[in-house]
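Here is a short walk through one structure. Keep the sequence and the 3D view side by side as you read.

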Amino acid sequence: QVQLVESGGGLVQAGGSLRLSCAASGRTVSMYAMNWFRQAPGAEREFVARITWSGDSTYYRDSLKGRFTISRDNAKNTVYLQMNSLKPEDTAVYYCAAGIIVSKRWRYDYWGQGTQVTVSS
C-alpha cells in the first residue's frame, strides 16, 4: 500500500508561481515512479509530469516544458511540482499518482486526493 497526500495548492494571479508537494508513504513506495496529473472543470484528467524514484529521469507534457519542474526529495519521500508563469488555463485539481509499467503500459495504482490550483487573470 502507498499513501499519497498533496498540498500546496491555492489561488494565484496569472504570472505567479506555486509549488505543490506530494508526501508518499508505504512499504512499496520506492517501486513506483511518481506522477502529477491535473483535471480542469469539464475536462479529462491529463498527464503533467513524471519522475522516477531510483533515477533522475523526468518527463513532461510537451506544452508545460519550461514552466513546470518536477523534483523529489527521497529523504522526505516527497515529490514536488514547481509551477511558474502560471496561466488561467492551468486552473485545475492537481493529483499525485504512483505509477508502474505493466506489459509496456503505465498503470497508476495509487492516487492522492488532489489539491486545487486556481489562477486568476
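At 84% relative accessibility, Lys104 counts as exposed (exposed means over 50% relative accessible area, buried under 20%, partly exposed in between, with a 1.4 Å probe and protein chains only). Lys104 sits in the loop between S9 and S10. Strands are DSSP runs of E, at least two residues long, numbered from the N terminus. Lys104 is not a glycine, yet its phi is positive, about 65°.

Ser103 lies in the loop between S9 (92–102) and strand S10 (105–111). Ser103 also has a positive phi, about 50°, and is not a glycine. With 68% relative accessibility, Ser103 counts as exposed.

This is a predicted model: local features need pLDDT of at least 70, side-chain atom pairs count only at pLDDT 80 or more, and totals for chains, interfaces and linings use all residues. Residues are numbered from 1 along each chain as its sequence is written, and side-chain values use heavy atoms, without hydrogens or water.

Now turn to the core. A nonpolar core is a set of buried Ala, Val, Leu, Ile, Met, Phe, Trp, Tyr and Cys residues joined through side-chain atoms within 4.5 Å. The largest one holds 31 residues. Leu4, Met34, Trp36, Leu81, Met83 and Tyr94 touch the most other members. Strands giving two or more residues include S3 (18–25), S4 (33–39) and S8 (78–83). S9 gives the largest share, five residues.

Which residues does Met34 touch, not counting those up to four places away in sequence? Among them are Leu4, Cys22, Trp53, Ile70 and Cys96. Contact here means heavy atoms within 4.5 Å.

Key. Helix = DSSP H or I, 4+ residues; strand = E, 2+ residues; numbered from the N terminus.
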